[in-house]
Amino acid sequence: MNIIEQDIRDGQFHNVYLLYGDEDYLKDKYVKQLIKAVVGDTSSMNYSHYSDDNINISEVIDTAMTLPFMADYRLIYIKNSGWFKSANEELMSYLSEPSDSTIIVFREASVDKRVGTFKAVGKAGCVVECAKPNEATIREWIGNKLNTEHKSMKKEAFTEFVSRCDSSMENMANEFEKLLSYVGDNETITLEDVNTVCI
């Protein structure tokens, strides 16, 4: 994930990114950030989106080989292709010599690391596992959010908050916004606040 953040800061991108794993919040976050950094938004003429396992690989490769319109890059976002559960020879062939002006972002629920397609992405670009975070990562993430909002959270409130959100970052992000609205100008989030607001 640090590599993606560095690429976005530098404006220097890999030809392909593969985001996979249990944590949808992180996958969505980095897909959105890459789209914004590369083409601005999804209305761009240089943005294409394909989803689910009936995608025509030849069409994707044709799009990838098309030069971007009045821009440095074209971005192709592919969601749940299923191409990382069994080998896809056409994709592997493309990845052996990808277009310099096209960035492909894959968002997959699961992958088989033994499959040639997975290995090909590893050689051509950046592979990121978006796994459910451990407590230290959650503490740092929530701590950063609290600092941004100039708030603090009591230890017992944090413990209960994480417990109620089932370690899902998406749930935490939603519940945190609800907490912020509830506490208003109060600087400290208490256990009572969490018990009142969080499901």
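Start with helix H6, residues 135–148: it gives the most to the lining of the largest pocket, with 4 residues. Before you click on, note that this is a predicted model, where local features need pLDDT of at least 70, side-chain atom pairs count only at pLDDT 80 or more, and totals for chains, interfaces and linings use all residues. Residues are numbered from 1 along each chain as its sequence is written, and side-chain values use heavy atoms, with hydrogens and water left out.

To find the middle of the pocket, select Leu26, Tyr30, Thr137, Trp141 and Met169, the nearest to its centre among 14 lining residues. The space there is about 300 Å³. Colour the lining by class and you get 7 nonpolar, 3 polar and 4 charged residues (Ala, Val, Leu, Ile, Met, Phe, Trp, Tyr, Cys and Pro count as nonpolar, Asp, Glu, Lys and Arg as charged, the others, Gly among them, as polar).

Next, show H2 (24–39) with helix H8 (169–183): their axes come within 7 Å and cross at roughly 80°. H2 and H8 are therefore roughly perpendicular (65 to 115 degrees). Pick out Asp24, Tyr25 and Leu26 on H2 and Met169, Glu170 and Ala173 on H8, which make the contact (heavy atoms within 4.5 Å).

Last stop: the aromatic pairs, 5 by count (ring centres within 6.5 Å). Select Phe13 and Tyr73: their ring centres are 5.7 Å apart and the planes sit at 90°, so this pair is edge-to-face (over 60 degrees). Phe13 is in the loop between H1 and strand E1 (16–20) and Tyr73 in the loop between helix H3 (57–64) and strand E3 (74–79), so the pair ties together parts 60 residues apart in sequence.

Key:
Axes fitted to C-alpha atoms, helices over the stretch in contact; angles between N-to-C directions. Helix = DSSP H or I, 4+ residues; strand = E, 2+ residues; numbered from the N terminus. Parallel < 35°, antiparallel > 145°, perpendicular 65-115°, else oblique. 1 Å grid on protein atoms, 1.4 Å probe; cavity = no way out; pocket = protein on both sides within 12 Å on 5 of 7 lines; lining within 4 Å. Points joined across faces, edges and corners; volume = space filled by probe spheres on them. Phe/Tyr/Trp six-rings, centres within 6.5 Å; stacked < 30°, edge-to-face > 60°.
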